[in-house]
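Reader: I am new to protein structures and would like to learn how to read a disulfide. Could you walk me through it with an example?
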Amino acid sequence: QHKQISGVSSGCQQGGCLTCSDYNGCLSCKPRFFMHLERIGMKQIGVCMTSCPPGFYGTRSPERNTCTKCRLECDSCFNKNFCTRCRAGFYLHLGKCQENCPEGLVRSDTQRECV
Amino acid sequence: GWIQDKQGPMMPLCPTPCQCEKDGIFVMVDCSELGLSSVPANLSPLTTYLDLSMNNISEIQPRAFHRLHLLSELRISGNQLRYISGHALQGLHNLKVLMLQNNQLERLPDDAPWDLPNLLSLRLDANLLSEVPAGTFRGVRSLRHLWLDDNSLTTIPVTALDSLPSLQAMTLALNQITHIPDYAFTNLTALVVLHLHNNQIQSMGERCFEGLHSLETLDLNYNDLKEFPVAIRTLSKLQELGFHNNNIKAIPERAFVGNPQLQTIHFYENPIQFVGKSAFQFLPKLHTLSLNGATQIQEFPDLKGTTSLEILTLTRAGLSTLPLDLCEQLPRLRVLELSHNQIEDLPSFYHCSALQEIGLQHNQIRRIESQTFQQLTSLRALDLSWNMIEWIHADAFTSLHSLIKLDLTENHLSSVPVAGLGSLTHLKLRGNTNLYEAFSPDNFPRMRVIEMPYAYQCCVYGSCESYKPSNQWDTEQSNTDEDLHKRTVAMYPIHAESHYDPDLEEFQMEIEESKLQTSVQCTPTPGPFRPCDSLL
């Protein structure tokens, strides 16, 4: 239900940037921040975040921390095979977003889950 | 600060300098990146989303959120918090998502744990935690997703995890864990995903994964495991397993007997020398198997019951023969990569009708029989380079209608059957020093790149003026233009004059492009010291 209302400050004013340019935003991030390319109009701006934007999941590694797209049917996910919230019309059960629920469970449209 | 409400009067209680947005009767408050050093005081009780990330908050006053009973998501990531007591988060009965990553947390509450009965997602990643007290999670029993990665844990917080019966996904990656004890995750019966990559795990108890009845994804990549993790035997629902970049030297017999649901196994970058012949049996959902450099493998693995395999890579081993029933076991094989072995004889790949790529380079093959590649109508690339092939049956390639790349570099051929090779765009014959024949371009109407043993064999491809009379080459070129135009108009008579058709435009561009590619790149290129006439 969360809604990302905080605008991403572009250019070099972001707190997580290590190197940046006014035109491309962050070129590299401070340790432990996730690098994400945000599309603004025709441009792509580098953004350094503490968590990836909705529809993406973060993977930490010693070299860098990256954001990767979730599956289409997921609004948010833990990794590429495990959703944590589904898109409208899909219902969550054990990390999977499906149009129907397993036997014994029913679809909850408010939570978008099988309950 | 006030909230502008389009339908009704101004609503108070948007703390300056935050931004607020109405969501029905509720309020979503964004105070991120404002240089705040404490939680704003006058937050509306109707706040459901509060973002305090990327500020300078080093402490949360007791009862800072005690009025926010409706708060669903709280983000305090990217601050300087060292400790958050149980009292600090009092009152958040409806909280579902709590983000505390990228702080300086060194300790978690033990005696008075957080009371967040509806919490589903808890992010504690990228902090300085060296341990998780036993009672930390006693008040978050509904938790489903837990991030503890990128901390300083040296052991699995076994007791703390005992209180999480609903946990479905957890990451303990990027810590300094060295051992997984037996029964480490016993109560996590709902866990589906477990990430343990980038630790220093050297050993694990044979019963360490007991209780993980729902586990589907296990990530042990980038650790120091020396033995194959036999403990996975209890994971009957496992679908994705990774233990690449470890120190494992052998995969035992019946290694995955307990994991019939496995779809992917990633274990590259291990010094694997030995693989049990039965190691990969009865994995009906496995679609990719890659083994490189396992020099002690002398026999082709028995893949009985592993019928969905599509990609099989088994290179740099000690294989000398292939099973005759290879394709009966692997009917769905699309890519077969067996380079750098000692294979001498080939079975018929007749039943591998889905094969698209075969890599047999750097083996000891001498002959290609008529039935070896029969009926491989989907085969697109065949690499037989660096073998000892002396003879290829005249019908060996007749059914390879889709073959576009054939590499016979460095063999002992004196002739090559061209029947069936009409689709080739790339043909490599370099290094066959007994092969003198100059193949006519008519055999290869789509050829683009061809490598021959000798330069003079390239002259038929118009690579040198002295051999080809110039006017014949030009007239030949103009005829083809007229043909192409006629054929295009015939196919689209109605569009010929009156009507602009984008599809036709695209179709004509393709023709133009393909015309550009009619010139064949043939090497070695003839020249003064490599004349068109054969020196012999």
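Author: Gladly; we will look at disulfides, then at a core and a sheet. Keep in mind that this is a predicted model.

Reader: What is a disulfide?

Author: A disulfide is a covalent bond between the sulfur atoms of two cysteines. Here, a search of the whole structure finds 11 disulfides over all chains. One of them joins Cys327(B) and Cys352(B), with sulfur atoms 1.9 Å apart.

Reader: Which parts of the chain does the pair Cys327(B) and Cys352(B) link?

Author: Distant ones: Cys327(B) sits in helix 2 of chain B, while Cys352(B) is in the loop between strand 19 (335-337) and strand 20 (357-359) of chain B, 25 residues apart.

Reader: Is Cys352(B) buried or exposed?

Author: Buried means under 20% relative accessible area. Cys352(B) has 0%, so it is buried, and Cys327(B), at 2%, counts as buried too.

Reader: Why is the disulfide of Cys327(B) and Cys352(B) called left-handed?

Author: Look at the torsion about its S-S bond: that is about -105 degrees, so the disulfide is left-handed.

Reader: Which residues have the most contacts inside the largest nonpolar core?

Author: They are Phe65(B), Phe185(B), Phe209(B) and Phe280(B), in a core of 141 residues. Helix 2 (326-329) of chain B is one of the elements giving two or more residues to this core.

Reader: And how many strands are in the open sheet of chain B?

Author: The sheet has 9 strands, ordered 17-18-19-20-22-24-25-26-27, with parallel pairing. Its edges are strand 17 (288-292) and strand 27 (521-523) of chain B, each pairing on one side only.

Key. Residues are numbered from 1 along each chain as its sequence is written. Chains are lettered from A and ligands numbered from 1 in the order in which they are written. This is a predicted model: local features need pLDDT of at least 70, side-chain atom pairs count only at pLDDT 80 or more; totals for chains, interfaces and linings use all residues. Side-chain values use heavy atoms; hydrogens and water are left out. Two strands pair if DSSP finds at least two bridges between them. Helices (H or I, at least four residues) and strands (E, at least two) are DSSP runs, numbered from the N terminus. A nonpolar core is a set of buried Ala, Val, Leu, Ile, Met, Phe, Trp, Tyr and Cys residues joined through side-chain atoms within 4.5 Å. Buried means under 20% relative accessible area, exposed over 50%, partly exposed in between (1.4 Å probe, protein chains only). A disulfide is a pair of cysteine sulfur atoms within 2.5 Å.
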